[in-house]
Structures are given as structure tokens and as C-alpha cells.
Amino acid sequence: MAADTVPTTEAERDARTLHGADEDRLSRDGGHRIDPAEIAIGVVIGRTSEFFDFFVYAIASVLVFPKLVFPHLDPLTGTLWSFAIFALAFVSRPVGTIIFTAIDRAYGRGAKLTIALFLLGGSTAAIAFLPGYESIGIGAALLLALFRMGQGVALGGSWDGLASLLALNAPENRRGWYAMIPQLGAPLGLIVASLLFMFLISALPAEDFLAWGWRYPFFVAFAINVVALFARLRIVVTPEYAELFENRALQPAPLLETVRSEWKTILIGTFAPLASFAMFHMVTVYPLSWVFLFTEETPVRFLMIEAIAAVVGVGAIVASGILADRVGRRTVLGATAAAIAAFSGFAPQLLDAGEFGEAAFMILGFALLGLSFGQSSGALSSNFQPRHRYTGSAFTSDLAWLFGAGFAPMIALWLSSQFGLIAAGGYLLSGAIVTLVALWLNRELASTIG
């Protein structure tokens with residue numbers, strides 16, 4: 001496939017014209033290598049926008065939707081139903097990957113990314129106009145579920161391969177460092193979302209916040225998605241990216257063919273980061289719900305704790321990159337999974353130990369999350385054959401989030417409400433055990449990233 005036959009859209013062609021001077025310079029220099037630092041900027045912007053969107057919905061799932069959509073239920077049951085709808089995005093993500101892989105193959109990466117991010121932004125903005133149960137009854141829950149599935153389909157389609165491109169262009173002795181860069185988007189998105197909700201709750205009377213104040217973060221999320229779209233398209237439309245597409249390093253392969261050929265890598269890649277993804281919700285979404293439902297703590301104070309802990313998470317993610325380059329990604333993943341297993345034995349009970357206990361739980365949790373999450377994404381991407389790397393990585397990521405995180409808040413909240421906080425620790429322990437087993441089983445992982 002020649003570079004000029006790669007599917008393009010008019011927007012992609014215009015963008016390439018806009019950056020024609022850069023192309024001429026590259027041609028003169030004989031270079032066809034994208035600067036990893038430039039890719040990193042696009043990756044961080046894109047991931048931060050996605051996770052901001054994610055956490056805006058997650059926080060609203062605890063503070064808003066149980067009262068707006070399920071006021072006829074008790075607070076715990078309403079929150080559990082809210083978390084059930086929350087999980088629908090993870091269920092629908094693989095569907096989005098299937099749909100948008102076909103769009104990618106037919107119309108190009110730029111068209112796929114544009115449609116996916118506008119679907120994501122449109123679904124998010126639609127939630128901002130959601131009427132409550134008092135207006136349309138059960139229709140409010142059905143609409144929320146529809147919009148949430150729209151977000152999930154869009155997230156499956158928003159996979160742009162930039163993280164894979166970053167890995168392909170990273171120096172061999174710094175792959176752990178560049179592997180952690182996309183993960184910075186999670187704590188950065190949480191910091192912005194938490195501070196925004198904290199400001200609105202502090203500034204508005206409770207009635208006004210529940211009536212209209214909570215809707216503003218969803219509008220902000222739409223605006224951020226538009227900015228992120230152009231930041232990512234700027235890289236996607238470059239000739240270097242097209243060259244990798246031509247060489248099949250980032251070409252979407254048919255999903256069924258990828259699954260048949262790479263099922264083992266997909267299976268192990270789904271469960272290898274389970275400890276990290278379970279931990280992800282255990283220190284972000286779940287503790288907010290427990291504190292809000294079962295303690296006298298105010299949402300404002302806990303959101304501030306969450307933002308501060310997320311800053312610790314940023315530092316831990318950066319540290320994971322340094323450690324991975326010194327001792328190996330497999331070692332970091334295994335050691336942090338063991339540490340999460342130890343953490344699960346006592347840490348959840350800290351949520352019931354007052355203000356100091358909550359702060360200790362969040363800071364310790366985010367430190368461990370950063371170390372594990374920083375190296376969890378695409379740990380097995382190099383194990384895929386080049387033809388299947390793009391599609392295989394996308395589908396594996398979808399499944400990892402589905403099994404590792406999709407139902408985590410709902411399961412952890414139900415377990416802890418029925419059997420105490422120690423049961424939530426047991427749930428987290430199960431994720432750590434699965435990760436350790438997956439790492440032990442995958443002999444190829446040891447030889448490729450150890």
C-alpha cells in the first residue's frame with residue numbers, strides 16, 4: 001500500500017497541507033521519524049481529556065445520579081444502580097472498537113478519530129441536559145444508559161495508536177519511561193474533575209447544584225474533547241504516521257483474524273493488569289461512594305483529598321518509568337501486584353477510621369496505583385505480530401478495562417455494604433492474584449519486557 005493510497009479525509013489532507021513546511025524540512029533532512037516528545041504531548045492531552053470525561057461521569061454517579069435518576073430508591077440502592085449504568089461504557093467499548101476499526105480501514109484514522117471524539121463529546125453533552133426521574137420517570141435511567149453506552153462506543157473508537165507509536169519511536173533503554181507517559185492522563189484528569197466539582201459544590205446551594213450546577217462539568221468535557229481532537233489529529237495526519245500505516249505497524253487488521261491469531265496474547269494481556277485496574281477504581285470511584293454514603297465526611301473535603309492524592313499518583317507514575325528502565329517492566333508489575341495484595345489486607349478499613357484514615361488510604365493507594373498503573377498499559381503490545389499490533393492492543397485494552405474496572409465500583413460497594421470493608425479488600429486481593437498468575441504464565445512477557 002503506497003503512502004498516497006492510505007485512506008484520508010479532506011480534513012486530513014488540509015492538515016497535511018498546513019504542515020507542508022514541516023514535511024519539506026523532513027524530506028530535505030531525510031528523516032521519517034516522529035519526535036517522541038511531540039507524540040508524548042499529543043498522548044497526554046488525549047488521555048487527560050478522556051479521563052477528565054471519565055471522572056466527571058464517575059463523580060456524578062455518586063453525587064448526582066442517585067438523587068436525580070433514582071430518587072425513589074434508598075441511597076445505597078440508587079448508587080448501586082448508578083454504578084450499573086456506569087459499567088455500560090466498559091461493556092460497549094469492544095463494540096466501539098469493532099465499528100470504528102471498520103471506519104478506520106475504509107476512511108482513515110482521521111475520520112475515525114473525528115467521529116469517535118464527537119460521539120464522545122455529544123454523548124457527554126447530552127448527559128448535561130438529562131431530565132430527572134420526576135420529569136420522565138424511568139425514562140431518565142434509560143436515557144442515561146443510552147448516553148453512557150454512547151460514551152463507551154466512542155471510547156472504543158477513540159483508540160488512535162499514539163501510545164503504540166510512542167513505544168515504537170522510544171529509545172530502547174527508555175521504554176519504561178515512555179510507557180508511563182500515556183498513564184499520566186488518569187491522575188491529571190481526576191485532579192481537574194475533582195477540583196471543578198469541589199468548586200461547584202462549595203459555591204452553590206445544594207438545591208442549585210443538583211438542579212443545574214452539576215451540568216457544567218459535562219459542557220467543559222465537551223470543549224476539552226474538541227481541543228484534544230486537534231492535538232491528536234496534528235500527529236495522526238503526519239506523513240511519518242502514514243508511513244507506519246503503510247508498513248502495517250499501525251494498520252488496523254480485521255478483529256476476527258486478530259483474535260484467531262493472537263488469542264493467547266489477548267487473553268494474558270487482559271488479565272495481566274487486573275490488579276492495577278481494580279486498584280484504579282478502589283482509590284477513585286469506590287471510596288467517594290463509601291464516604292458519601294456511610295460517613296459524615298463532606299464531599300468537598302474528600303474531593304480535595306482525592307485531588308491531593310492524585311498528585312502523589314502523578315509522581316508515582318513517573319517513578320514507575322524510572323524503575324521499569326532499571327529493573328524491567330515485568331518486575332515492576334509483579335512487585336506492585338504483590339504490594340497491592342498486601343495493601344488489600346488492611347487498607348480499606350482505613351476508610352472507616354476517620355479523617356486521618358481516609359487521607360492515609362488515598363495517599364497510600366495512589367502511590368501504589370501510580371507504580372502499577374504506570375506500566376500496565378500495553379505491557380504485551382510488543383508480543384503482537386506487527387500486522388495485529390494496532391487492533392490487538394486496542395481490543396486487549398477494552399477487555400482489560402471491562403474485566404478489571406468496569407464493575408469494580410458496584411461490586412466493591414455491594415460487598416462492603418453487605419460484609420464490611422474487609423470484603424472490598426478481598427475483591428482487590430483477587431485482582432492482585434490474577435495479575436501475578438498472568439505474569440507467571442506468560443513466559444514471553446519475561447523475555448520481551450523483563
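1. A search of the whole structure, which is a predicted model, finds 7 cavities of 30 Å³ or more, a cavity being a set of points on a 1 Å grid over the protein atoms alone where a 1.4 Å probe fits but cannot get out. The second largest cavity has a volume of about 70 Å³, where a volume is the space filled by probe spheres set on the points, and grid points are joined across faces, edges and corners.

2. The lining of the second largest cavity (residues with an atom within 4 Å of a point) includes Phe-55, Phe-280, Phe-366 and Phe-373. Helix H11 (185-203), helix H18 (299-327) and helix H20 (354-373) each supply at least two residues of this lining, and the largest share, 4 residues, comes from H20; helices here are DSSP runs (H or I, at least four residues) numbered from the N terminus.

3. The structure holds 32 aromatic pairs, counted where rings of Phe, Tyr and Trp (its six-membered ring) have centres within 6.5 Å, with planes under 30 degrees apart called stacked, over 60 edge-to-face and the rest tilted. One of these pairs joins Phe-51 and Phe-373, whose ring centres are 6.4 Å apart and whose planes stand at 80 degrees, so the pair is edge-to-face. Because Phe-51 lies in helix H3 (residues 36-63) and Phe-373 in helix H20, the pair ties together parts that are 322 residues apart in sequence. Both Phe-51 and Phe-373 are buried, where buried means under 20% relative accessible area, exposed over 50% and partly exposed in between (1.4 Å probe, protein chains only).

4. Tyr-57 and Phe-86 form an aromatic pair that is stacked, with 6.2 Å from centre to centre and 25 degrees between the planes. Tyr-57 lies in helix H3 and Phe-86 in helix H5 (residues 75-107), so this pair ties together parts that are 29 residues apart in sequence. Tyr-57 and Phe-86 are both buried.

5. Arg-93 forms one with Asp-398, the closest N and O atoms being 3.2 Å apart. Since Arg-93 lies in helix H5 and Asp-398 in helix H21 (residues 389-406), the pair ties together parts that are 305 residues apart in sequence, and both residues are buried. Asp-104 and Lys-112 form another, at 3.8 Å between the closest N and O atoms, and Asp-104 and Lys-112 are likewise buried.

6. Arg-301 and Glu-355 meet in a salt bridge through their side chains (3.6 Å, N to O). Arg-301 counts as partly exposed at 27% relative accessibility, and Glu-355 is partly exposed with a relative accessible area of 46%. Glu-297, Arg-301, Glu-355 and Glu-358 are linked in a network of salt bridges.

7. On conventions, residues are numbered from 1 along each chain as its sequence is written, and side-chain values use heavy atoms, with hydrogens and water left out. In this predicted model, local features need pLDDT of at least 70 and side-chain atom pairs count only at pLDDT 80 or more, whereas totals for chains, interfaces and linings use all residues.

Key: 1 Å grid on protein atoms, 1.4 Å probe; cavity = no way out; pocket = protein on both sides within 12 Å on 5 of 7 lines; lining within 4 Å. Salt bridge = Lys/Arg side-chain N within 4 Å of Asp/Glu carboxyl O.
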